[in-house]
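User: Could you walk me through how to read burial and helices in a model like this one?

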Amino acid sequence: MRAAARAGRSCIECGKPINATRSDMHYCGNECRQAAYRKRKRAGKQARGFKCEAVEHGYE
Ligand SMILES: [Zn+2]
């Protein structure tokens, strides 16, 4: 079985492996999360009805 594929998540921003226990982590750290958040905010200004993954966890 490829359990490693599940356990070894990688940051969707920089591609580094994430060493977090939380399953909803998409980033390796706050830096990447904020960087992606800024990008998203910038790019998706008019994409309001867009359903993204719960990236804004812990934000607001
Ligand atoms: Zn990262």
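User: Does Arg-33 count as buried or exposed, and how many C-beta neighbours lie inside 10 Å?

Analyst: A residue is buried if 20 or more other C-beta atoms lie within 10 Å of its own, exposed if 12 or fewer, and partly exposed in between, with C-beta atoms placed from the backbone. Arg-33 has 21 such neighbours, so Arg-33 counts as buried. This is a predicted model: local features need pLDDT of at least 70, side-chain atom pairs count only at pLDDT 80 or more, and totals for chains, interfaces and linings use all residues. Residues are numbered from 1 along each chain as its sequence is written.

User: Which helix holds Arg-33?

Analyst: Helices are DSSP runs (H or I, at least four residues), numbered from the N terminus. Arg-33 sits in H2, which covers residues 30–43.

User: How many residues of H2 are buried?

Analyst: The number is 1 of 14, so H2 lies largely in the open. Across the protein, 5% of the 60 residues count as buried.

Methods
Helix = DSSP H or I, 4+ residues; strand = E, 2+ residues; numbered from the N terminus. Expected span 1.5 Å × (residues − 1).
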